[in-house]
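Welcome! Please take a look at the structure below, and then let us walk through it together.

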Amino acid sequence: EKDQSESLLLRSLSPTPKIILKSGSPASKTYLLRLENVNPARTIVQPGTFQAADPHSILLSVSLNPGEERTIQVQPKDDKNYLDMVILGDNRNGYKTFSQIISQINAVAPVFVIDNGDLVFGGEPNRYRLFYETVSQLQVPLYTTLGNHDIRKNGRVIYTELFGPPYYSFDYRDTHFVFLDSSRGWTEKRAIPPEQYRWLEQDLQKAQGKRIYVISHIPPTDPRSAQQPNTLPNIPGVEKTDYFEALMDNYGLYKNLNHAFPDKAEAQKFETLMSKNQVDTVFLSHIHSYFSFIKNGVRYVISGGGGAELLTDNSYYHYLRVEAASGKNYLEVVQLPSPPNRLQDRYIAAAQMFASSIYKEYTTTVIALGTIAALLLVWILWATRHKWWPGLRFLGIWLYEVGKFAAARFKQLRHK
């Protein structure tokens, strides 16, 4: 019989993905694999070879006989004796700042990048498309988790299709990474569902003896003082009602709300679980600023400076560079140009950012509405010309006569 072939598209959720193929075909079969989210320039495949499809994808061809099974191990060429990674959060519609961060990441060339939520402002397909186009410029793998903005407008479904499951984990060197989905914790009373807690407890127990990093979006506790209670979880259908979504979109109205888990009992449960399992660091975002503190032996780092609007006092655009060697854990905050800390400057910068992002996300609609507005203005001016044209004509004649008089008087004075 002739060889058969099958094409598969895979996305890596680990620096060291393992691909296991087993042929169930009665004839020999060739599998054409495209593996996304790897760096071809720093990738090793054992056994076999690969071709680079683009800066973040490789192509593999594997031929199997009937019933044959083969395991392919993919791993990075890591010429460093320590883990080097970049972490950021809340980039969403700050395309200009986010692009600057990507350029700097490519220059630094870490092993991988982590984006801990609010990848997009809303979950519409065009916004995810723009995010995907932007991060396609990255030359290193990207691992993500969900933020509260990412799940709007049925965004959870689109995220899963593009980036995989909402929670997962992997090991790299002597460090265990856990990615959690706390995106519900802004508009629902429970941030993390019970089934995810069950998975998390088992996963953390298996990782004992390793350094453990937990990555999520919404912090269990808001480190800021004098925050108002978050009442959004008490509003039924908040994500489905356009009015309340518009209310949430206006950051100025809710920036002083508590940005932690709505349920204090759940927050205590989460923090107890982190301490009990000796988690090294919990990386979070959601608050558009930077905070780092120790609680019950666990370091909590909030980094929400990836490009979203900055209205919190003393906040700035930034990302984190983490270097972790055996027994050491070094974190550097890399700051980018940011608007001044004066409130009016920050609102002006936020308005400019939103205007720019709306044009970028809805270019056709904005151009169409602008054209309609311009035509409407022309029609109004034409329809009311009998009212404004005599006055405009009089003004023109008056300016002309004033100009003539001024020119003549100037000549007289100059002659004298």
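In strand 9, which residue is the bridge partner of Val 86? The partner is Val 113. This is a predicted model, in which local features need pLDDT of at least 70 and side-chain atom pairs count only at pLDDT 80 or more, while totals for chains, interfaces and linings use all residues. Residues are numbered from 1 along each chain as its sequence is written, and side-chain values use heavy atoms, with hydrogens and water left out.

**The sheet**

- Strand 8 (residues 83-88) and strand 9 (residues 112-115) run parallel and are joined by 4 bridges.
- Strands here are DSSP runs (E, at least two residues), as are helices (H or I, at least four), and both are numbered from the N terminus.
- Two strands count as paired if DSSP finds at least two bridges between them.

**The largest pocket**

- About 350 Å³ of space lies in the largest pocket.
- Of the 20 residues in its lining, the closest to the centre are Lys 96, Thr 97, Tyr 317, Ala 349 and Met 353.
- Helix 1 (95-108) and helix 8 (343-361) are the elements that give two or more residues to this lining.
- Helix 8 gives the most, with 7 residues.
- A pocket is an open set of points on a 1 Å grid over the protein atoms alone, where a 1.4 Å probe fits and protein lies on both sides within 12 Å along at least five of seven lines; lining residues have an atom within 4 Å of a point.
- Grid points are joined across faces, edges and corners, and the volume is the space filled by probe spheres set on them.

**Salt bridges**

- The count comes to 17 salt bridges, each being a side-chain nitrogen of Lys or Arg within 4 Å of a carboxyl oxygen of Asp or Glu.
- Asp 118 and Arg 92 meet in one of them (3.8 Å, N to O).
- This pair links distant parts of the chain, 26 residues apart: Asp 118 is in the loop between strand 9 and helix 2 (125-135), and Arg 92 is in the loop between strand 8 and helix 1.
- Arg 92 also forms a salt bridge with Glu 309, with the closest N and O atoms 3.0 Å apart.
- Here the partners are 217 residues apart, with Glu 309 in the loop between strand 16 (298-303) and strand 17 (318-325).
- Asp 118 has a relative accessible area of 1%, so this residue counts as buried (under 20%; exposed is over 50% and partly exposed is in between, with a 1.4 Å probe and protein chains only).
- Arg 92 is buried at 2%, and Glu 309 is buried at 2%.
- Asp 181 and Arg 156 form a salt bridge whose closest N and O atoms are 2.6 Å apart.
- Asp 181 lies in the loop between strand 12 (175-179) and helix 4 (194-206) and Arg 156 in helix 3 (residues 155-163), so the pair ties together parts 25 residues apart in sequence.
- Asp 181 is buried at 1% relative accessibility, whereas Arg 156 is partly exposed at 22%.
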